[in-house]
Amino acid sequence: MLQFVYDGSFNGLLTAIYEIYYGKMVPDQLFVRGNETQQLFARQEVIATDEVKAGKVYDAIDNKICARSLRHTYYAYLSEHPEAAMWIFQYLHLGWKIGNKLDFLLSDDRVQRIHRLSLKVARERHRLMGLLRFQLLKKNIYYAAIEPDHNVVELLAPHFAARMSDQNWVIHDVRRDLAAIYNQEEWIATRFTLQQRLELAQEEDYYRELWKQYHQAISIKSRTNPRLQRQCMPQRYWKHLVEMN
Amino acid sequence: MEIIDKLKILADSAKYDVSCSSSGSQRANQPGRLGNAASCGICHSWSADGRCISLLKILQTNYCVYNCSYCVNRVSNDLPRAMLTSDELCDLTMNFYRRNYIEGLFLSTAIPSTPDNTMEMLLQTVRKLRQVHGFNGYIHLKAIPGADNILIEEAGKYVDRMSVNIELPSSRGLQLLAPQKKKEAIIKPMSFLATNITARKEERKKSRKAPSFVPAGQTTQMIVGATLDHDINILKLSEYMYNKFRLKRVYYSAYVPVTSNPNLPDLKSPPLLREHRLYQADWLLRFYGFSAKELLDDNNQDFSEDYDPKTDWALRNLDYFPVEINRASYEQLLRIPGVGVKSARRILAARRMHALRFEDLKTIGVTLKRAQYFITCRGKYNGEAAMEEHILRPRLALSRPGTNNYEQLSLFAFLPELVPRDEVVSTLTGEL
């Protein structure tokens, strides 16, 4: 049994794919370091991330398959599914054989798996564009905490940079200790943990209360349907929603 | 009165307005201004009734001179009244938007004085929001029937979407329940908007600098179940308005009993299934190439409870089937029960690579529960039953003996705009 482990970055994954493709050595498992299951007789190979090799794979996806497949690859990577890395390799391997028609091959499992992961990530991104809540802090910074299933912070940032372009904001993925930070000019993604308690601006409570009251008033009693509400707005997101607390 | 009390009263009065979609407009952010509009639309929350909250849906005031019997805000109804000033509305909108609570503002109102004064009041609010506060998010505004065209045209410059409510499906119904409203007065602003939207679109094609006018188009809403109109009248009216006024959407709102009145039906709960069937049929009109007269006729004036409109049509037109998956055109695929826009597109894409077998359809994600009885794959029929109406009917019925109808209703009772959207295809599949 042969295990490849990489550092968890997208470039790390692409490097691993490079090594597999050119090393002609197909591992049985491809894992992020720290997530691998220890197997008694497994031989482990650690992949050192190499920007040049990663760049070559990146270009090869874009040029030899198509831009859409590149997007699917990236989104599937962000899903952080334990099997994602291996599935991505299989998807791309097939892609380099059949070229830009790859994404039409919907009846093939290798394609279908990646599409499903990619769709999940795209859905969560879209959902959080609505369900994310900013709170205004004393220092005139809008802060939002999220705990998404997938690693979507980087996908959300461009949307909010375009929309709230005259605000300073932080979108904090509490689960992954990541954040996107924006200063009215550009945003960066960085590792991030809260060092102290949040100090809310004075008016924050006022608008929260208004929003809660609005949320209750807008519901029609005779149509009450909590199951439908949960179906559209899964409970795992409620923790950070002003109106549900 | 405190803002919070006004907000409660005026949101409560606005909740029977159905439309909440924020789609169809692509308003780019401008430096120094707040917000943009995403053409896919974004839902920000869901209330306890399971309806999505995208816009701050609120009345500027619920003082009203009209006395329409189906409406909570009618003058004879004893309920707390309030009015928000333009500044208060702007402050609410800006601060909710900055916290990402909402996608924009849906401003409506009762009619506190003349139509012109009322429209002027709304106009002042949206103008202030855009010009003084630099708000660049989505705005949906009600056009007031009877208001001067100049006011409506002016408001159209600032907003993304406008709507005039047709209220009830027939003039007879209007006469009975809202004698102060006339069908002609409702149609007039609708047709004015339609003409202007089309004209401005043409201008925008020639010059990108031409000012936009209601870029997300106009919609309307009618109440279902408050009058004796049949589904066929309602659907034909919708079809007419789609063709004539190029409406983006017609919203149907199941009548919620808000009052007892001899002219109103005595309902225990709103007719949600009927509303759902109308939405299904509405989708068939707009995205599936059906016409109203195919779906209903003089012998079937109302939709069946047990079958969705497309299945019902298919069962009455079995000679159209089976459809061969590998040969059928897009339009033909769309007529198969259980195959929607997404599935049809997937079939078109997948069959470019190879002829599809029945199993392939499962892999690519086409639901076959209903479709299996109406298709062949590579010439093979896989339905377990012969293709005859009396055999298929019981198999496809929703309410089979022993099943719990209530459960099914809650599953099916979602409004179309509540479906979580995959933005990439949403504009194509019509889940707006």
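Glu80 of chain A is placed in the loop between α3 and α4 (84–98) of that chain. The model that contains this residue is predicted. Chain A has eight helices and eight strands, and 52 residues of chain B are in contact with 46 residues of chain A.

**Chain A as a whole**

- The C-alpha trace of chain A spans about 65 × 45 × 40 Å along its principal axes.
- Chain A has 245 residues, of which 38% count as buried.
- Taking contacts in chain A between residues at least 6 apart in sequence, 70% join residues at least 24 apart.

**Where chain B touches chain A**

- The contact involves 52 residues of chain B and 46 residues of chain A.
- Several elements of chain B each supply at least two residues of the side that touches chain A, among them α1 (3–14), β1 (45–46), α2 (86–98) and α16 (423–429).
- Helix α1(B) provides the largest share of this side of chain B, six residues.
- By class, the side of chain B that touches chain A has 26 nonpolar, 13 polar and 13 charged residues.

**The largest nonpolar core**

- The largest nonpolar core has 178 residues, and Ile88(A), Leu156(A), Ile171(A) and Val126(B) touch the most other members.
- Helix α5 (residues 109–131) of chain A contributes the largest share of this core, eight residues.
- Leaving aside residues up to four places away in sequence, Val126(B) touches Leu107(B), Ile139(B), Leu141(B), Ala155(B), Tyr158(B) and Val159(B).

**Two helix pairs**

- In chain B, the axes of helix α4 (residues 149–156) and helix α6 (residues 183–206) come within 11 Å and cross at roughly 45 degrees. This angle makes α4(B) oblique to α6(B).
- The crossing of α4(B) and α6(B) is right-handed. Asn149(B), Ile152(B), Glu153(B) and Gly156(B) of α4(B) make the contact with Pro189(B), Phe192(B), Leu193(B) and Asn196(B) of α6(B).
- The residues of this contact between α4(B) and α6(B) comprise four nonpolar, three polar and one charged.
- In chain A, the axes of helix α2 (residues 51–65) and helix α3 (residues 67–78) come within 7 Å and cross at roughly 140 degrees. Helices α2(A) and α3(A) are therefore oblique to each other.
- From α2(A), Ile61(A), Asp62(A) and Ile65(A) meet Ala67(A), Ser69(A), Leu70(A) and Thr73(A) of α3(A). The contact of α2(A) with α3(A) has four nonpolar, two polar and one charged residues.

**Individual residues of chain A**

- Glu80(A) is not a glycine, although its phi is positive, at about 60 degrees. Glu80(A) is partly exposed, because 18 other C-beta atoms lie within 10 Å.
- Asp177(A), also a residue other than glycine, has a positive phi near 55 degrees. The place of Asp177(A) is in the loop between β6 (168–173) and β7 (178–182) of chain A. Asp177(A) counts as exposed, because it has 12 C-beta neighbours inside 10 Å.

**Individual residues of chain B**

- Phe321(B) and Pro322(B) are joined by a cis peptide bond, with omega about 0 degrees. Pro322(B) is placed in the loop between α10 (309–316) and β9 (323–324) of chain B.
- Gln175(B) lies in helix α5 (residues 171–177) of chain B. Gln175(B) counts as partly exposed, with 13 C-beta neighbours inside 10 Å.
- Gln175(B) and Cys68(B) are 107 residues apart in sequence, and their C-alpha atoms are 9.9 Å apart in space.

Conventions:
Residues are numbered from 1 along each chain as its sequence is written. Chains are lettered from A and ligands numbered from 1 in the order in which they are written. This is a predicted model: local features need pLDDT of at least 70, side-chain atom pairs count only at pLDDT 80 or more; totals for chains, interfaces and linings use all residues. Axes are lines fitted to C-alpha atoms, for helices over the stretch in contact, and angles run from 0 to 180 degrees between N-to-C directions. Helices (H or I, at least four residues) and strands (E, at least two) are DSSP runs, numbered from the N terminus. Angles under 35 degrees count as roughly parallel, over 145 as roughly antiparallel, 65 to 115 as roughly perpendicular and the rest as oblique. A crossing is left-handed if the near helix is turned anticlockwise from the far one by less than a right angle, and right-handed if clockwise. Two residues are in contact if their C-beta atoms, placed from the backbone, lie within 7 Å. Ala, Val, Leu, Ile, Met, Phe, Trp, Tyr, Cys and Pro count as nonpolar, Asp, Glu, Lys and Arg as charged, and the others, Gly among them, as polar. A residue is buried if 20 or more other C-beta atoms lie within 10 Å of its own, exposed if 12 or fewer, and partly exposed in between; C-beta atoms are placed from the backbone. A nonpolar core is a set of buried Ala, Val, Leu, Ile, Met, Phe, Trp, Tyr and Cys residues joined through C-beta atoms within 7 Å.
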